[in-house]
Amino acid sequence: MRLHVKEFAGPPDSTLLVVHGGPDWDHSYLVEPLDRLAGERRLLFPDLRGCGRSPAAEPLTPDAMVADLVELIGSSPVDVLGFSYGGLIAQRLAVQAPGLVRRLIVASSSVLPVPPDAFAGWTEYERRTKAHPSVWDTSPLDGPALTRAEAFAAAPLNVWNQELLPAYLERLERVRFTASYLEPYRSGRFPSARYPDPVERLRGLPLFLLHGRQDMIFPATLAGRTPCTGAVILEEAGHMAHIDQPDAWLAAVSGFLAG
């Protein structure tokens, strides 16, 4: 399996592997502001199996994604940042190949499961979800066009500062969306990437949680309940916290990696 990988040169012993979310997105929406670390750190931005420019080879499962990342890493441990769904894959990588993950950053994601009433009583969440409903079940589109349409429909929920929405939409225009996981997910054949006892499985690993206070997908309240090495909750930031607060977000990443 040959993944498509965008690489920024830097010291091999200071490699940061960045695992994107989705799935069915690519890595490109996460490059900025992390690219400012280039030179200081070697940066690897792979497109997961079946995502972006990487082949959609069977099996399309979380374990296969992890196996690809293990092959990409090789024998030398790296730091790993997993974003959104990529946070779950990054945790799975740390559990299955603990010797390859030096430090783990779980960004805009969660270690603990999201309870069904996580956003109950949040007026702004209710307002935005009503004003910008999902198109998964209503759009006549299919395939990558549907994945793209959902990303654009959800954009006002994912970016807290609406003045930054146009710039985020421009970034989405550059994403190469796929639909490799759409049918398996809808049919219930796509396995969960989350382990049933993640806290115990990750015990002993330097774990850093990075979250936007106004995240409408993975609630920031879960960070406070998760045993970890450190955590930063960014105010005035949503799910795409690196869009809302790029300088503070990057500073949090850099601070943990330098510790």
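The lining of the largest pocket in this predicted model divides into 25 nonpolar, 10 polar and 5 charged residues. These belong to a lining of 40 residues in total, and the space within the largest pocket amounts to about 1,300 Å³. Several secondary-structure elements contribute two or more residues to this lining, namely helix H3 (85–96), helix H4 (123–131), helix H5 (144–158) and helix H7 (182–186). Of the contributions to the lining, that of H5 is the greatest, at 7 residues. The residues that lie nearest the centre of the largest pocket are Gly-22, Pro-23, Trp-136, Tyr-185 and Ile-217.

Two of these central residues, Gly-22 and Pro-23, are joined by a peptide bond in the cis form, for which omega is near -15 degrees. Pro-23 is situated in the loop that runs between strand E2 (15–19) and helix H1 (31–34), and Asp-24 is likewise placed in the loop between E2 and H1. Asp-24 is not a glycine, yet its phi is positive, at about 75 degrees. A further cis peptide bond leads from Glu-32 to Pro-33, with omega near 10 degrees, and Pro-33 itself is located in helix H1.

The crossing in which H2 passes H3 is right-handed.

On the H2 side, the contact is formed by Pro-62, Asp-63, Met-65, Val-66, Leu-69, Val-70 and Ile-73, which meet Tyr-85, Ile-89, Arg-92, Leu-93 and Gln-96 on the H3 side. By residue class, the contact of H2 with H3 comprises 9 nonpolar, 1 polar and 2 charged residues.

Technical notes
Residues are numbered from 1 along each chain as its sequence is written. This is a predicted model: local features need pLDDT of at least 70, side-chain atom pairs count only at pLDDT 80 or more; totals for chains, interfaces and linings use all residues. Side-chain values use heavy atoms; hydrogens and water are left out. On a 1 Å grid over the protein atoms alone, a cavity is a set of points where a 1.4 Å probe fits but cannot get out, and a pocket is an open set with protein on both sides within 12 Å along at least five of seven lines; lining residues have an atom within 4 Å of a point. Grid points are joined across faces, edges and corners, and a volume is the space filled by probe spheres set on the points. Helices (H or I, at least four residues) and strands (E, at least two) are DSSP runs, numbered from the N terminus. Ala, Val, Leu, Ile, Met, Phe, Trp, Tyr, Cys and Pro count as nonpolar, Asp, Glu, Lys and Arg as charged, and the others, Gly among them, as polar. A crossing is left-handed if the near helix is turned anticlockwise from the far one by less than a right angle, and right-handed if clockwise. Contact means heavy atoms within 4.5 Å.
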